[in-house]
Amino acid sequence: MNKKIIIAIAVLVVAIAAYFYFSDQGVEAEKDILTSVKRMDLQLDVTVTGELQARNSVSVMGPTGLRNARIYQVKIDNIVPEGTVVEKGGYVARLDNSEL
């Protein structure tokens, strides 16, 4: 016989054998798992981590004359608690004046 025909028959036999080997034809069919249904309240708890940002906020800048005086690090001596509503021109923080 021709070599091409023999190789084609061999590939066909291997493919058929592989199909029967890997198929589930000989295995008993899986049975469905059934359970009874209960009507209950569904409680949903969602836990998320992240960061909140205020809807209205203003950036507070330090005095502009500090860089001209070559002072680059200034400690905060006192600051109002977070969440405090401050009017324009009101007290926000006091800087440590030991560097001056």
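This report describes a predicted model of one chain, from its overall form to individual residue pairs.

## Confidence of the model

The chain has a mean pLDDT of 82, and 91% of its residues reach 70 or more. Among the elements of the chain, strand 1 has the highest mean pLDDT, at 89. The lowest mean, 73, belongs to helix 2, which covers residues 65–68. Where pLDDT is low, the predicted coordinates should not be read in detail.

## Overall form

The chain contains 2 helices and 2 strands. Their order along the sequence is α-α-β-β. Helix 1 covers residues 3–22, and helix 2 covers residues 65–68. Strand 1 is formed by residues 76–79 and strand 2 by residues 93–95.

The radius of gyration of the chain is 39 Å, whereas a compact globule of 100 residues would have a value near 13 Å. Along the principal axes, the C-alpha atoms fill a box of roughly 105 × 55 × 25 Å.

## Surface and burial

Of the 100 residues in the chain, 3% count as buried. The chain exposes about 11,300 Å², and carbon and sulfur atoms supply 56% of that area.

I71 is a buried residue, with a relative accessible area of 12%. This value falls in the buried class because that class takes residues under 20%. I71 sits in the loop between helix 2 and strand 1. Its C-alpha atom is 7.4 Å from that of E99, although the two residues are 28 apart along the chain.

L12, I16, Y19 and F20 form a nonpolar patch on the surface. Together these side chains have about 440 Å² of accessible area. Y19, one of the four, is placed in helix 1. F20 is exposed, with a relative accessible area of 51%. That value is counted as exposed because the class begins over 50%.

The ring centres of Y19 and F20 are 5.4 Å apart and the ring planes meet at 70°, so the pair is edge-to-face.

## Helix 2 and its separation from I16

R67 is located in helix 2 and is exposed, with a relative accessible area of 65%. Between the C-alpha atoms of R67 and I16 the separation is 83 Å, and the two residues are 51 apart along the chain. I16 belongs to the nonpolar patch described above. Helix 2, where R67 lies, is the element with the lowest mean pLDDT.

A search of the whole structure finds 1 salt bridge. D77 and R94 form it, with their closest N and O atoms 3.1 Å apart. D77 lies in strand 1 and R94 in strand 2, so the pair ties together parts that are 17 residues apart in sequence.

Both partners are in the intermediate class of accessibility. D77 is partly exposed at 48% relative accessibility, and R94 is partly exposed at 43%.

## The loop between the strands

G83 lies in the loop that runs between strand 1 and strand 2. This glycine is exposed, with a relative accessible area of 69%. G83 and A54 are 29 residues apart in sequence, and their C-alpha atoms are 10.0 Å apart in space.

Notes. Residues are numbered from 1 along each chain as its sequence is written. This is a predicted model: local features need pLDDT of at least 70, side-chain atom pairs count only at pLDDT 80 or more; totals for chains, interfaces and linings use all residues. Side-chain values use heavy atoms; hydrogens and water are left out. Patches are made of residues with over 30% relative accessible area and no salt bridge: like charges are joined within 9 Å, nonpolar side chains (Val, Leu, Ile, Met, Phe, Trp, Tyr) within 5 Å. Accessible areas come from the Shrake-Rupley method with a 1.4 Å probe; for residues, only the protein chains shown count as cover. A salt bridge is a side-chain nitrogen of Lys or Arg within 4 Å of a carboxyl oxygen of Asp or Glu. Buried means under 20% relative accessible area, exposed over 50%, partly exposed in between (1.4 Å probe, protein chains only). pLDDT is the predictor's confidence in each residue, from 0 to 100. The radius of gyration is taken over C-alpha atoms; the globule rule is 2.2 Å times the number of residues to the power 0.38. Rings of Phe, Tyr and Trp (its six-membered ring) pair if their centres lie within 6.5 Å; planes under 30 degrees apart count as stacked, over 60 as edge-to-face and the rest as tilted.
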